[in-house]
Amino acid sequence: MSPRTRRAIEEGLLPTLAALLVALVAGDLLILSYGQAPGAVWRLMLDGTWGNAYGIGQVLYKATTLAFTGLAVAVGLRAGLFNIGAESQLAAGGFAAALMGLALPPALGPWVAVPLCLAAAAVGGGMVGLVPGLLRARFGAHEVIATIMLNFVVLAFLNWCMASGGLSVPETLHTRAIPHASVPRLASFLEAFHGSAANLVLLVAIATAVATGWFLFRTRQGYELRAVGLQPEAAENAGIRVPRTWLIAMVASGAIAGLGGTNFVLGYKQYFEDGFTGGAGFLGIAVALVGRNHPLGVVLAALFFATLSQGGLAIHALVPKQMVEVLEGVVILAVAMSVPAVRALLRARPRAAAPAAAPVAAEG
Amino acid sequence: MLGVILLQTLRIAVPYLFAASGGVLAERAGIVSLALEGFMLGGAFGATLGAYYSGSAWVGLAAGIGAGLLLGAIHALACVRFGANQIVAGVALNLMVVGLTRFFLRLAFGSSSNSPRVPGFGGEGTAGALATLADPPLWLGLALMVVMALGVLRTRFGLRVRAVGEKPEAAESLGVGVAGVRWTAVVASGGLAALGGCWLALDQHQFTDQMTAGRGFIALAAVIFGRWEPVRAGIACLLFAFAEALQIQVQGTNVIPSQFVTMIPYVLTLVALAGLVGRSTPPAALGRSDG
């Protein structure tokens, strides 16, 4: 292992380990404040997630959405852009997939309908990403503010569509079902997963992770994107069109988040429901941060945060499930705080004479 | 009719004014204020706990401000002491406060949605708009904004805040303690935003889950729409509140769907970002973790 790789791994893992320790202590305190034994609660959390096939299925289902939103945020960060809009891009993707499903005649069958719905989801999310991308490329507007503001606008618009747009089934906030565009659940291949929502959109997530890695590290466009993320001025001097790269990054980021909407819409419920995202877009920021903006890291981090969120349901009998929301916040905060500290520590060591660390854009 | 709308506007604007004044202070010192929402929610919960256990709205107010100062200190610890990415820290803090308030709502009151009725200011949440005029926090909020506008940024401390937010290196070389000024600004912004949360909880006489409902982000929108100037930010708060008050009046008449009225602050801010209503330039060192 070259020193450079080793440093990259150390810089990636140490903050996460530190954060896990802090989260463990914070969790213990919360559990004790509720008058329960920490050991029993942590065991229950493990048993309810990785201890049985249903739990594993639920973790995989949640990790699928988080992998998409995490990859979306990571692509933005690699270009030096902070996409806080994954939440609304995810929702818009799901909405577009459902609209496409409703528009297609049921006779087409899943082999035609599913790819078209996936494409619609990517376009839907990409369109929401286009706005902050344009504002940034054209006017230099800060994408953090633009994506936050756009979240509220898009979510309010979707709420209006469902509440009064005539698209929803009366008395509900969801559309008619689109069974002809459904993606099979894992349970239809492996009986053990019965009842869990895990479905083959999982494979789309893995393919997206691989494609993102290939794009970022093996294509010219991806190289330019990372160069812009590291040093926009230097990239500009090297002849890279920086605004255009920002635009591409934001649209790609939005499209990836949008694809995530199909996990719920095509794989789980076969309809779009207002509010289905439930914070998965915001958690994508945590996933990208802990995953160090690397596709492999993002997938692992998605599994971690999915375990936490499913684990919350498992422990609810003993301790309120809201405990995991606190822990999620604690993990993110602790990682954000220890990343600069760990880097400083590693660089202060004599071995720091080794070549510069692997470039990681806009690390947090 | 118009009088009612104007009174409603004032009443809706108070939490925005508090949070936005906190936002202006922190952002002018160079620290991104995504955590306003969390500060407000923490303040609302602290105020409810304080008022519930002491039986006094004033103790509640103090407890709420205390909660905000504490959250501000956590934000400062992360952003100033540890140089964490300020956007990540803000997002994390918001998430953490939502979880903490829900967890302790269960622990203290055995509920997942709201606290019992606690002492507060003024009458029932929806009582006559005129009664609002008798609420001390209303005048406190307006006075604070005026003080912020005319005073703080022009005092010695205010000058330092601005120097630290624009050119930390220059400020440092002149002997200004950058970290100290930023700590003070961020902790104070936590307390100020929490005041807005206190007002919400004590006005409604209870805490409800996620009762701030994005108000911290509206306040942030007002800061940006107001180009980081206290007076302009205050006017933006009043403008956004006026749109909301108008919406309450036309609810039911179906003139404009309420969702579109909700969008107004956000759309206006997007328009402002695009530079269509004059350039919106943030403090030069905003968001930089070095310096």
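**Domain and chain contacts in the predicted model**

The centres of domain 1 and domain 2 of chain A, taken over C-alpha atoms, are separated by 26 Å. The structure is a predicted model, in which local features need pLDDT of at least 70, side-chain atom pairs count only at pLDDT 80 or more, and totals for chains, interfaces and linings use all residues. Residues are numbered from 1 along each chain as its sequence is written, with chains lettered from A and ligands numbered from 1 in the order in which they are written.

Domain 1 of chain A spans 1-36 + 320-357, and domain 2 spans 61-318. These bounds come from an automatic or database domain assignment. The contact between the two domains takes 13 residues from domain 1 and 15 residues from domain 2 of chain A. Two residues count as in contact if their C-beta atoms, placed from the backbone, lie within 7 Å. On the domain 1 side, α1 (3-33) and α13 (323-348) of chain A each give two or more residues. Helices here are DSSP runs (H or I, at least four residues), numbered from the N terminus. α13(A) provides the largest share, 8 residues. By class, this side has 8 nonpolar, 3 polar and 2 charged residues. Ala, Val, Leu, Ile, Met, Phe, Trp, Tyr, Cys and Pro count as nonpolar, Asp, Glu, Lys and Arg as charged, and the others, Gly among them, as polar.

Between chains, 38 residues of chain B are in contact with 39 residues of chain A. On the chain B side, α4 (86-109), α9 (215-225) and α11 (258-273) each supply at least two residues. α4(B) gives the most, with 15 residues. This side of chain B comprises 27 nonpolar, 9 polar and 2 charged residues.
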